[in-house]
Amino acid sequence: MENNRLAQQSESKGILRLITVISIAVPIVVAVLLFMPSKIELSSNWVYFLPHLNAVINSAATLALIAALVFIKNNNIAYHRASMTVAFSLGAVFLVSYVIYHASAESTVFGGEGWIRPVYYFILITHIILAAIALFPILLAYYYGYTDQRLKHRKIVKFAYPIWLYVTITGVVVYLMISPYYNF
């Protein structure tokens, strides 16, 4: 029995290390892709559809997160888990799509003027910062929920959930604000 407990602790430490590595590597890769001097040539215009797809993915993730909250408030753990898995999967698909787009297309410059400009940049900057730091608590919360470590799950979700919800909502808001300035 002691060997089994030690094996579980070792496995948990390995997973926590993996979560840490992923949480550091992903924002670094995204930053590199955003600021690359030259973009990857994909020889196709299909990548210009990705910002629109990303907005749909973020909208769906927002709905999944809200549904998950409703389900857990009603003590429906099975539907809560399913909704969180949908949100987590949508987040993964979004990340792949986002990386492909920013690796191959130049970023669009916001063209708004007046009071809307600082509003846009406030939303964008808070979105970017929180998206970069959100990955670690989101991955931890998902892992703890998946492995039924409810006390740890509840503690981390208090921080992870509102940040994740904010990031998905503001992702759509940023898209709606910048989409008139797309040149494709």
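Arg17 is exposed, because its relative accessible area is 56%, where exposed means over 50%, buried means under 20% and partly exposed lies in between, with a 1.4 Å probe and protein chains only. Arg17 belongs to helix α1, and its C-alpha lies 31 Å from that of Ile40, at a separation of 23 residues in sequence. Ala31 is also placed in helix α1, but Ala31 counts as partly exposed, with a relative accessible area of 34%. From Ala31 to Val56 there are 25 residues in sequence and 23 Å in space, taken from C-alpha to C-alpha.

This is a predicted model, in which local features need pLDDT of at least 70 and side-chain atom pairs count only at pLDDT 80 or more, while totals for chains, interfaces and linings use all residues. Residues are numbered from 1 along each chain as its sequence is written, and side-chain values use heavy atoms, with hydrogens and water left out.

### The chain as a whole

The protein chain has five helices and zero strands, where helices (H or I, at least four residues) and strands (E, at least two) are DSSP runs numbered from the N terminus. Read along the sequence, these elements give the pattern α-α-α-α-α. The C-alpha trace spans about 60 × 35 × 30 Å along its principal axes, and of the 184 residues of the chain, 35% count as buried.

Helix α4 covers residues 116-146, which makes 31 residues, and reaches 41 Å from its first C-alpha to its last, close to the 45 Å expected at 1.5 Å a residue; the expected span is 1.5 Å times one less than the number of residues. Within α4 there is a kink of about 40° at Ala134, shortly before the proline Pro137, the bend being the angle between axes fitted to the seven residues ending at a residue and the seven starting there.

Just after α4 comes Asp148, with a positive phi of about 60°. Most residues other than glycine have a negative phi. Asp148 sits in the loop between α4 and α5, and it counts as partly exposed because its relative accessibility is 42%. Asn75, which is not a glycine, likewise has a positive phi of about 60°. The loop between α2 and α3 holds Asn75, and this residue is exposed, with a relative accessible area of 60%.

Grid points are joined across faces, edges and corners, and the volume is the space filled by probe spheres set on the points.

The largest pocket holds about 1,400 Å³ of space. It is lined by 45 residues, and Val30, Phe94, Tyr98, His127 and Ala131 are the closest to its centre. Two or more lining residues come from each of α1 (2-34), α2 (50-73), α3 (77-104), α4 and α5 (150-178).

The second largest pocket has a volume of about 590 Å³. Among its 24 lining residues, Ile72, His80, Gly145, His153 and Val157 are the closest to its centre. Here the elements that give two or more residues are α2, α3, α4 and α5.

### The largest nonpolar core

A nonpolar core is a set of buried Ala, Val, Leu, Ile, Met, Phe, Trp, Tyr and Cys residues joined through side-chain atoms within 4.5 Å. The largest such core has 21 residues, of which Leu65 and Trp164 touch the most other members. Helices α2, α3, α4 and α5 are the elements that give two or more residues to this core, and α4 gives the most, with eight residues.

Notes:
On a 1 Å grid over the protein atoms alone, a cavity is a set of points where a 1.4 Å probe fits but cannot get out, and a pocket is an open set with protein on both sides within 12 Å along at least five of seven lines; lining residues have an atom within 4 Å of a point.
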